[in-house]
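Here are some quick notes for anyone opening this one up for the first time. Have the viewer ready and follow along point by point.

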Amino acid sequence: EGRFHDAGPSGWHRQAHRETIPWGGNPWHPAAGSEALSNCFAISGAQSVTAAGYFYTPDPVGNTEASIGVRYYSDASCSTAVGTLSSTTSALSTQATWQQLTHTKAANGSATHAKVSIRARRLAAGSELIYFDNITAAQP
């Protein structure tokens, strides 16, 4: 199974092994168990949020995809979503090399808080391993 370590309000690390990365069906759906979310953090609703992070696989590439995104909320407990998830998805392109993904989501006037979303997906059967590190969120 994957491990999750909370490193603060907008930074976290995750390691996911194939048992926690779904294959088939709708693997990007949160109910499929493929999504990890950061802690809820306060934002300035007038500015966009940029999420960034590094992804790594020691296995041959081509069988995995990773996604980083931003979810907005209108409350401090992040229980009332505002809009939908917006994310950037990429197949990992180089084996055994950290690859950075970034995503910027435009501001939503009613949003006061946000979470960074990380998702992973296997594209074929196998035992791929994906590491996530140095996940950040920033506003200009």
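**Notes on a predicted model**

1. Start at Ala-36, which sits in strand β3 (residues 35-37). Keep in mind as you look around that this is a predicted model. With a relative accessible area of 6%, Ala-36 is buried, because buried means under 20%.

2. On to the aromatic rings. A pair of aromatic rings is described by the distance of the centres and the angle of the planes. The count here comes to 3 aromatic pairs. One of them is Phe-55 with Phe-132: the ring centres are 5.2 Å apart and the planes stand at 90 degrees, so this pair is edge-to-face. It links distant parts of the chain, with Phe-55 in strand β5 (residues 49-56) and Phe-132 in strand β10 (residues 129-138), 77 residues apart. Both Phe-55 and Phe-132 are buried.

3. Next, look at Tyr-56 and Trp-98. Their ring centres are 5.0 Å apart with the planes at 35 degrees, so the pair is tilted. This pair also links distant parts of the chain: Tyr-56 belongs to strand β5, while Trp-98 lies in the loop between β7 (81-91) and β8 (99-105), 42 residues away.

4. Finally, which residues do ring pairs link into a cluster? They are Tyr-56, Trp-98 and Tyr-131.

Terms used
Residues numbered from 1 in each chain as written. Predicted model: local features only at pLDDT ≥ 70, side-chain atom pairs only at ≥ 80, totals over all residues. Heavy atoms only, no water. Phe/Tyr/Trp six-rings, centres within 6.5 Å; stacked < 30°, edge-to-face > 60°. Helix = DSSP H or I, 4+ residues; strand = E, 2+ residues; numbered from the N terminus. Buried < 20%, exposed > 50% of the residue type's maximum accessible area, 1.4 Å probe, protein only.
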